[in-house]
Amino acid sequence: MIQLIASDMDGTLLNDEMEISSENIAAIKKVQAAGLEFVVATGRSIEEAQPILQAAGIKCCYITSNGAQIFDEAGQNIFTVGIEKEKLALAMPILRQHQIYFELFTDHGGFTENIDDRIASVAHWLKSTSPNLSEVEAFKIAESHMATLPINFVSDFQEVLDNPEVTVLKIFAMGQIDDPALLLAKADLSQIPNLSVTSSGANNIEVNHEAAQKGQSLQKVTELLSLSLSNVAALGDNFNDMSMIATAGLGIAMANAEDEVKAIAKYTTVTNVENGVAYAVDRILAGEWQ
């Protein structure tokens, strides 16, 4: 019997407008009213994820930055694993060499060296998770969501690295969809030991500590709640969701998911713009999917 449902955000819980539909909100509240746990597991930082759920009136646990941090329902951080500075010193020059824009996500927020590139890259990222969006629509959404996708500007990332109080959780690199430079950079980054190199769309690379994966952090959450992974359902659409879909007893892929994600999932729900989370929740609560 399912006792916990974990859901990715972009391309899964959120629609193309980066919002939670009323149907998905109602479904999450049904889950919680039934006594089940609901957990958000996202590549986003807590600063990017929590306001959206709070605006929907949902209080839950969070796995953020691909598993680099875990927060309880009260918003208290209970787990953090960052990238060692020597690994950053190897990874960042690779992205610069391939001329790929990237940001640093830390336990003190996200950082960029170029705000204009940030808006353009978010627009390209949106198109990678929501292919039906036009470029104009993607740019309009990116610009209008700068408040819910907060970022800090620094002239040089060295300012961040030199701050002993800051832990870098994730490098988030973005380019054009299927840019050959991304593939080359990803291959080079994958040669660095003890790093997790994945992506949440066709135009990005996400670099974390090897212990920062959604599946590993989902296991930590179940241990804290004294639950079995066999009683956990996990929903996602992209490569950074694969570890939790494989780890959970019930793995569910979105209809808009990558083929590799669908291949390891037990069930496939409808798309994120068709309230795929709500559809899956109804099947789970009815006992049809278990």
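Modeller: Two strands pair if DSSP finds at least two bridges between them. With that in hand, A234 stands opposite G251 in β13. Bear in mind that this is a predicted model.

Biologist: How do you know that β12 and β13 pair?

Modeller: The cut-off is at least two bridges. Between β12 and strand β13 (residues 250-253) there are four, in the parallel sense, so the two strands count as paired.

Biologist: What makes β1 and β12 a pair?

Modeller: The reasoning uses the cut-off of at least two bridges. β1 and β12 have four bridges and run in the parallel sense. One of the contacts is between L4 and V232, its bridge partner in β12.

Biologist: Why is β12 called largely enclosed?

Modeller: Buried means under 20% relative accessible area. Five of the five residues of β12 are buried, so the strand is largely enclosed by the rest of the structure. V232, A234 and G236 point one way from β12, while A233 and L235 point the other way, and all are buried.

Biologist: How do you know that β6 and β7 pair?

Modeller: Strand β6 (residues 101-106) and strand β7 (residues 109-112) share three bridges in the antiparallel sense, and the definition asks for at least two. F105 stands opposite G110 in β7. Both strands belong to an open sheet of six strands, in the order β8-β7-β6-β9-β11-β10, with mixed pairing.

Biologist: What makes β8 and β10 edge strands?

Modeller: β8 (152-153) and β10 (195-198) each pair on one side only.

Biologist: Which helix packs on the sheet and touches β6, β7, β8, β9 and β11?

Modeller: Helix α5 (residues 115-129) does, and its direction makes about 90 degrees with that of β6. Helix α8 (residues 180-189) lies across β10 and β11, running at about 15 degrees to β11.

Biologist: Why is the contact of D8 and K214 called a salt bridge?

Modeller: A side-chain nitrogen of Lys or Arg must be within 4 Å of a carboxyl oxygen of Asp or Glu. For D8 and K214 the N to O distance is 3.1 Å, so the pair qualifies. The two residues are 206 apart in the chain, with D8 in the loop between β1 (4-7) and α1 (9-13) and K214 in helix α9.

Biologist: Are D8 and K214 buried or exposed?

Modeller: The limit for buried is under 20%. D8 has 4% relative accessibility, so D8 counts as buried. K214 has 0%, so K214 is buried as well.

Biologist: What makes E206 and K170 a salt bridge?

Modeller: Their side chains meet at 3.7 Å, N to O, and the cut-off is within 4 Å. E206 lies in strand β11 and K170 in strand β9, so the pair ties together parts that are 36 residues apart in sequence. E206 is buried, with a relative accessible area of 2%, and K170 is buried at 2%. Elsewhere, salt bridges that share partners join D8, K214 and D241 into one network.

Biologist: Why is L225 called partly exposed?

Modeller: L225 has 32% relative accessibility, so L225 counts as partly exposed. L225 lies in the loop between α9 (214-224) and β12 (232-236). With I78 and L224, L225 makes a nonpolar surface patch of about 270 Å².

Note on methods
Residues numbered from 1 in each chain as written. Predicted model: local features only at pLDDT ≥ 70, side-chain atom pairs only at ≥ 80, totals over all residues. Heavy atoms only, no water. Patch = residues over 30% accessible without salt bridge, like charges linked within 9 Å, V, L, I, M, F, W, Y side chains within 5 Å. Areas by Shrake-Rupley, 256 points an atom, 1.4 Å probe, with all protein chains shown as cover. Buried < 20%, exposed > 50% of the residue type's maximum accessible area, 1.4 Å probe, protein only. Contact = heavy atoms within 4.5 Å. Axes fitted to C-alpha atoms, helices over the stretch in contact; angles between N-to-C directions.
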